[in-house]
Amino acid sequence: MSSKGVTPTKTPIITRPSQIVTIDRYILDQEQSHPGASGDLSGLLYDIALTGKMIAREVRKAGLVDILGQTGTINVQGEEVQKLDDYAHECFIKNFDHSGRLCVMASEEEEEPIPIPDKFECGNYVLLFDPLDGSSNIDANVSIGSIFSIYRRITEGGGGGTLEDLLRKGSEQVAAGYVLYGSSTMLVYTTGRGQVDGFTLDPSIGEFLLSHADITIPDKGKIYSCNEGYRNLLFDGTRRFLEHLQEVDKDSGRPYSARYIGSMVADVHRTLLYGGIFMYPGTEKAPGGKLRLLYEANPMAMLIEQAGGLASTGKEPILELQATELHQRVPLFMGSKQDVELAIEFEGGAR
Ligand code: AHM
Ligand code: MG
């Protein structure tokens with residue numbers, strides 16, 4: 001997978017488009033630039049946009065739960081009120097199981113692979129998703145998000161896919177992205193070729209409009225993002241890296257500022273736009289860290305690297321790890337190239 005050669009800069013490089021481009025039109029234009037494309041990947045991306053809109057609609061109502069009904073109860077419209085993460089998980093499944101484009105799915109919320117029901121056709125793609133990441137933040141009105149990762153199937157025969165189709169290397173992803181439910185709803189995705197684009201939902205017309213074309217992450221940032229509450233559990237190299245970022249040295253732009261939302265989609269989104277480093281390292285208690293390789297690390301690593309940044313475990317590139325378990329965890333350092341390279345030096349790893 002190719003990533004961009006990026007020149008150092010202090011501000012995010014985003015081309016503000018002068019025309020109004022809907023996500024549908026953008027996806028169609030991209031498809032037409034690939035002669036011979038079947039349209040299946042485009043169809044999956046349309047369905048991601050729809051799913052994002054449906055989840056955004058429910059997220060907007062989260063604060064009204066006392067008025068509209070508690071989860072597990074029947075609301076005044078006679079509908080059962082679901083927990084938001086259950087709703088998001090089912091929304092993905094209901095929108096994708098009958099598309100004819102997938103052969104198997106997997107969700108961070110479900111232990112086992114999710115098969116395509118027998119009554120529906122199977123296709124050539126595989127979808128993994130974290131339906132609502134950071135959901136412990138919902139009650140505090142903090143940004144949350146959905147993350148997705150798409151692969152081409154590797155099993156042959158045209159029927160349902162297997163674990164083999166799901167346990168992959170991140171470098172094999174054909175598309176990845178997230179929907180951020182923040183002060184506005186944004187969909188950011190990549191299909192490779194060094195291109196990452198962001199679309200903002202205009203709620204008045206229900207359309208995602210291209211707002212951040214060709215996002216390029218600054219080569220070096222001035223923000224670090226991690227849960228410093230675990231400082232005393234960190235390995236020495238990681239702790240020394242943090243201390244290094246906090247030292248005062250005007251020439252190298254230190255000290256860095258700390259920003260940690262505790263909601264990966266929001267923290268990675270800021271890192272993509274402003275640069276710097278987001279990390280969820282391993283600790284003595286949890287050497288593999290917390291975040292999941294297939295649902296969180298791989299899709300975010302693809303986005304960051306396609307925008308010109310770097311993603312590493314501290315020892316090896318995230319995208320080169322062969323997944324061995326559906327829910328495996330992985331230590332994570334991602335963001336501006338120079339900042340992640342420095343983290344790798346402190347971690348004692350190789351690029
Ligand atoms: P979740 O998948 O249970 O929502 O947990 C993932 C979230 C990420 O969004 C975030 O980066 C991380 O957990 C925060 O964890 P911590 O509270 O340990 O800092
Ligand atoms: Mg998650």
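Me: Hi! Which residues come nearest to ligand 1?
Reply: Hello! D133, G134, Y260, M264 and Y280 come nearest, out of the 16 residues around ligand 1. Keep in mind that this is a predicted model.

Me: Nice. How much of the ligand's accessible area does the protein cover?
Reply: Ligand 1 has 480 Å² of accessible area on its own, and the protein covers 79% of that.

Me: Where does the shell come from, in terms of domains?
Reply: Domain 1 (23-212) and domain 2 (223-347) each give at least three residues to the shell around ligand 1. Among the strands, β4 (125-133) and β12 (277-280) each supply at least two.

Me: OK, new topic: what about the second largest pocket, and which residues lie nearest its centre?
Reply: H34, A37, L41, R152 and T191 lie nearest the centre, and the lining has 23 residues. The space in this second largest pocket is about 420 Å³.

Me: Which element gives the largest share of that lining?
Reply: That would be α2, with four residues of the lining of the second largest pocket. Both α1 (23-32) and α2 (40-60) supply at least two lining residues.

Me: And its classes?
Reply: The lining of the second largest pocket has ten polar residues, nine nonpolar and four charged.

Me: Switching to the backbone: which peptide bond is cis or trans around P255, and where is P255?
Reply: The bond from R254 to P255 is cis, with omega near 5°. P255 sits in the loop between α6 (236-246) and β11 (257-258).

Me: Last one: what is phi of N141?
Reply: Phi of N141 is near 65°, which is positive although the residue is not a glycine. N141 is found in the loop between β4 and β5 (144-152).

Note on methods
Residues are numbered from 1 along each chain as its sequence is written. Chains are lettered from A and ligands numbered from 1 in the order in which they are written. This is a predicted model: local features need pLDDT of at least 70, side-chain atom pairs count only at pLDDT 80 or more; totals for chains, interfaces and linings use all residues. Side-chain values use heavy atoms; hydrogens and water are left out. A residue is near a molecule or strand if one of its heavy atoms lies within 4 Å of it. Accessible areas come from the Shrake-Rupley method with a 1.4 Å probe; for residues, only the protein chains shown count as cover. Domain bounds come from an automatic or database domain assignment. On a 1 Å grid over the protein atoms alone, a cavity is a set of points where a 1.4 Å probe fits but cannot get out, and a pocket is an open set with protein on both sides within 12 Å along at least five of seven lines; lining residues have an atom within 4 Å of a point. Grid points are joined across faces, edges and corners, and a volume is the space filled by probe spheres set on the points. Ala, Val, Leu, Ile, Met, Phe, Trp, Tyr, Cys and Pro count as nonpolar, Asp, Glu, Lys and Arg as charged, and the others, Gly among them, as polar.
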